[in-house]
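Hello,

Here is the structure I promised to pass on to you. Please have a look at it first, and then read my notes below.

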Amino acid sequence: MTATRSVLSLNGIWSFKMQAAGDVIDPVAPLKTTEVMAVPASFSDQTANPEIRQHSGYFWYERDFTVPAALMDQRLSLRFGSATHEAWVFVNGTEVGHHKGGFTPFELPINDTVHAGTNRVTVKISNLLDHSTLPVGNYTETKDAAGNVIPHVDENFDFFNYAGLHRNVNLMATPWNRVEDVVITPKIDLATNSADVAVTVKSTAAATVKVTLLDENEAIVATAEGAENTIHLDHIHLWQPLNAYLYQARVELFDGDTLIDSYTEPFGMRTVAIDSGKFLINGKPFYFKGFGKHEDSYVNGRGLNEAVNVLDLNLLKKMGANSFRTSHYPYSEEMMRLCDREGIVVIDEVPAVGLMPDFNFDVSSAFKNNDNPFWSTVQTQAAHKQALEEMIGRDKNHASVVIWSIANEPATFLPGAHDYFEPLFKLARQLDPQDRPCTYINIMMSTPDRDNCSDLADLLTLNRYYGWYIQTGDLKAAAAAEEAELRAWQEKWPDKPIMFTEFGADTVAGVHSAYNEPFSEEYQVNYYDMNAKIFDKIDNFVGEQLWNFADFQTKFGINRVQGNKKGIFTRSREPKAAAIWLSRRWNGIPNFN
Ligand code: GCB
């Protein structure tokens, strides 16, 4: 919402219908249903009907909305924070657009299909995934007695395939000639405490562009005219981890003296660099303490839950942590803005998860399938490019984002991985105006001798489960194997920083053991203690992001008891013993060393 823009929320209660096999639904007529669902949220955990929760296929949402007559001469659009995983949108029965990719926003113009007063929006959603989508799902079909196709998706990843209108839905009214994008790239000189801030304004029509930079007290620190500016600032306030400072860029379009459009973008000033095995933020070696997370909470599922976001960051800060990874998909815009504001350091990840032949917990079997033709058969390259474009396009200005994660645990130990990833790293580097480091999150089978892609990454971000999936319950053997591998990586790439982006042990809150038994709270504490002792011995080790912040929902399976229990908090955010242990460790480790 700005002086020239109106945003009206369409959140709330929508009508809902699961499309069962053989159902024909035509959005020209209002949806025939008595079911309702709240938006934003996953539909999955709002229903009491297991058939709806477990259904693979199509779902329909619908509601009426009012367009005030006063807005009718503006450009009207519907904006979805995300629709998971694919959506077709109809207004008053006419299709106005389509978007594939469940974790990034899209906006559809609707002037041709709406009138002043009451209108109807209908959204068809698909939760189907296959070997051409991100995330990657295993798609199969069967037929019912009437010959109707029944699709089935088996997640090729370890989190429940939540779906629905997960983030805010808004009706937006903007001027026809408007600001389309703002790119803010501060070039900072730490020695003189000054910056040249490049501000590029993309607008839909030629207009006089005015840019005003404001400090945190909303005092004007600089003004400029033109669509491309580099503005010099002295005496800058740096955005620091856990000590954020945000400026604002107010961008205005004028026709003579008349204001046509305005938009305000917050931004922070900080540098990110890699040098001799260190990860530098504002020129100083930063140590990542934090988590792999999920957007996951009771009832809301993967839906936006701002209260949970605020609580999670408060718990994170209380523990002495400073960072997290948006495993395994871009999180809501609201969370990204909150991280900017709270000074939380973020590794931003595309939904490239499941890029491996088959997802199972038998790690040893994967060590043997060296000739699997996975990379010559998978068809995700186009979706992967789109996901990078949309994530970096959305998040490029966020000071909190310091690394782009181009995939989680792809099978980089198999031949063909390098050819697949090289163009994606190139694209990410082209897309990012701030030249942030890029990485992929390395799976434990991709050891230094077997991995094919570590030359592409600016740093080594490793997921390792010594003492859990291998050497289960034997922390002594685990420690030896883990240390040997870390030393081998350091020897292979003496100038690349190394961090753990996952390590963890399933732990059922309340289970105790005098024998250090896996699944007990004692084992989780001892597991982290073992890891910490190794980390502290490795020179280029720059961070520990454990798996996971909180217990989270997964598909059904014999390895999961109502979800993944590697949280150091329960799903309802109560601390397990490890949270107390880790908070002591982390509160004693400075953010910079
Ligand atoms: C991993 C995956 C993560 C899983 C985790 C686990 O390597 O990246 O999505 O949840 O392991 O607990 O198995």
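The notes that follow go from the domains to the sheets, then to the ligand and a few backbone details.

Two things to know before you start. This is a predicted model, in which local features need pLDDT of at least 70 and side-chain atom pairs count only at pLDDT 80 or more, while totals for chains, interfaces and linings use all residues. Residues are numbered from 1 along each chain as its sequence is written.

**Domains**

The chain is assigned domain 1 (6-174), domain 2 (179-267) and domain 3 (272-587); such bounds come from an automatic or database domain assignment. Between the C-alpha centres of domain 1 and domain 3 there are 30 Å. These two domains touch: 31 residues of domain 1 are in contact with 34 residues of domain 3, where contact means that the C-beta atoms, placed from the backbone, lie within 7 Å. On the domain 1 side, the touching residues are 11 nonpolar, 16 polar and four charged. Here Ala, Val, Leu, Ile, Met, Phe, Trp, Tyr, Cys and Pro count as nonpolar, Asp, Glu, Lys and Arg as charged, and the others, Gly among them, as polar.

**Sheets**

A word on terms: helices (H or I, at least four residues) and strands (E, at least two) are DSSP runs numbered from the N terminus, and two strands pair if DSSP finds at least two bridges between them.

An open sheet of four strands has the order 1-12-5-8, and its pairing is antiparallel. Strand 1 (6-9) and strand 8 (106-109) are at the edges with a single partner strand each, so one side of each has no neighbour in the sheet. From one strand to the next, the twist averages 25 degrees; for such angles, axes are lines fitted to C-alpha atoms, for helices over the stretch in contact, and the angles run from 0 to 180 degrees between N-to-C directions. Six bridges hold the antiparallel pair of strand 5 (residues 75-80) and strand 12 (residues 169-174), with Ser77 facing Met172 as its bridge partner in strand 12.

You will also find a closed barrel of eight strands, 23-24-25-26-27-28-29-30, paired in parallel. Within it, strand 25 (residues 345-349) and strand 26 (residues 401-408) share four bridges, and Ile347 has Ile403 of strand 26 as its bridge partner.

Strand 20 (residues 272-275) and strand 21 (residues 278-281) run antiparallel and are joined by four bridges. Val272 is opposite Ile281. Two residues lie between the strands of this hairpin, in which Ser276 has a positive phi near 45 degrees.

**Ligand**

Which residues surround the ligand? They are Phe157, Asp158, His328, Asn408, Glu409, Asn463, Glu502, Trp547, Asn564 and Lys566, counted as near when the C-beta atom, placed from the backbone, lies within 6 Å. This shell has two nonpolar, four polar and four charged residues.

**Backbone details**

Most residues other than glycine have a negative phi, and most peptide bonds are trans. Against that background, please look at these places:

- Trp547 and Asn548 are joined by a cis peptide bond with omega about 10 degrees.
- Leu134 to Pro135 is also a cis peptide bond, with omega near -5 degrees; Pro135 is in the loop between strand 9 (117-126) and strand 10 (137-143).
- Asn92 is not a glycine, yet has a positive phi of about 50 degrees; Asn92 sits in the loop between strand 6 (86-91) and strand 7 (94-100).

Enjoy exploring!
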